[in-house]
Amino acid sequence: MDTTEISIETGGRATAVDITARVEAFCAGKGDGLVSVFVPHATAGLAIFETGAGTEGDVLGAIDELLPADDRWRHVHGSRGHGRDHVVPAFIAPTLTIPVIAGRPALGTWQSVVLVDTNADNLSRRVRLSFITG
């Protein structure tokens, strides 16, 4: 298995960061197999959706509506409402597995790999990329 870790700057605010180019670069030249994308954090997740057309804001807005950053959460430390950040990975998983064909992730035309992070207490995130030859 070939593996590496990349760092993504999130800027200390809720964000959805397109990391597709980083995943593609990691897979380039590796042939057929699977790429695992994993974020080793308790308050971030990974998703596949269209970027650049407003979906990033829609996803963050939906999280805010479904999981408000207020004082209802039992998990209390960090910023106000931080407990909801620990609930986000139950809905937006911290891992994805994507088929790779001829060194390219087999994503659909409008699909992007996106790091979703609502935790304003962290300025950067690590993402583990692992390639398994098929």
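Two strands count as paired if DSSP finds at least two bridges between them. The model discussed here is predicted.

Q: Which residue in strand 5 stands opposite valine 37?
A: Strand 3, residues 33-38, includes Val37, which points to one face of the strand and is buried. Strand 3 pairs with strand 5 (residues 95-101) in the antiparallel sense, over six bridges. The residue opposite valine 37 in strand 5 is leucine 96.

Q: In strand 8, which residue is the bridge partner of serine 36?
A: In a regular strand the side chains alternate between the two faces of the sheet. In strand 8, the bridge partner of serine 36 is serine 130.

Q: In what order do the five strands of the open sheet lie?
A: The five strands form an open antiparallel sheet in the order 1-8-3-5-6. Strands 1 (2-9) and 6 (104-105) each pair on one side only, which identifies the edge strands as strand 1 and strand 6.

Q: What is the order of the three strands that form an open sheet?
A: Strand 2 is joined to strand 7 (residues 112-117) by four bridges, and the two run antiparallel. Within this pair, valine 17 has leucine 115 in strand 7 as its bridge partner. The three strands form an open antiparallel sheet in the order 2-7-4. Strand 2 (15-18) and strand 4 (44-49) are the edge strands, each pairing on one side only, and the average twist from one strand to the next is 30 degrees.

Q: Within what arc do the buried residues of helix 1 fall, seen down its axis?
A: In an α-helix there are 3.6 residues a turn, so residues three or four places apart point the same way. In helix 1 (residues 20-27), the buried residues are Thr20, Val23, Phe26 and Cys27. These buried residues line one face of the helix, because seen down the axis they fall within an arc of 130 degrees.

Q: Is alanine 21 buried or exposed?
A: Alanine 21 lies in helix 1, and Ala21 and Ala25 are carried on the face turned away from the buried side. Its C-alpha is 8.9 Å from that of serine 112, although the two are 91 residues apart in sequence. A residue with over 50% relative accessible area counts as exposed. With a relative accessible area of 57%, alanine 21 is therefore exposed.

Q: What is the relative accessible area of arginine 84?
A: Arginine 84 forms a salt bridge with aspartate 64, with the closest N and O atoms 3.0 Å apart. This pair links helix 3 (residues 82-91), where arginine 84 lies, to helix 2 (residues 55-66), where aspartate 64 lies. The side chain of arginine 84 also meets that of aspartate 85 in a salt bridge of 3.0 Å, N to O, and both of these residues are buried. Buried means under 20% relative accessible area, and the value for arginine 84 is 5%.

Q: What is the relative accessibility of isoleucine 132?
A: Isoleucine 132 is placed in strand 8 (residues 124-133). Together with Met1 and Leu34, Ile132 forms a nonpolar surface patch with about 330 Å² of accessible area. Isoleucine 132 counts as partly exposed, because its relative accessibility is 43%.

Conventions
Residues are numbered from 1 along each chain as its sequence is written. This is a predicted model: local features need pLDDT of at least 70, side-chain atom pairs count only at pLDDT 80 or more; totals for chains, interfaces and linings use all residues. Side-chain values use heavy atoms; hydrogens and water are left out. Axes are lines fitted to C-alpha atoms, for helices over the stretch in contact, and angles run from 0 to 180 degrees between N-to-C directions. Patches are made of residues with over 30% relative accessible area and no salt bridge: like charges are joined within 9 Å, nonpolar side chains (Val, Leu, Ile, Met, Phe, Trp, Tyr) within 5 Å. Accessible areas come from the Shrake-Rupley method with a 1.4 Å probe; for residues, only the protein chains shown count as cover. A salt bridge is a side-chain nitrogen of Lys or Arg within 4 Å of a carboxyl oxygen of Asp or Glu. Buried means under 20% relative accessible area, exposed over 50%, partly exposed in between (1.4 Å probe, protein chains only). The arc is that of the directions from the helix axis to the C-beta atoms.
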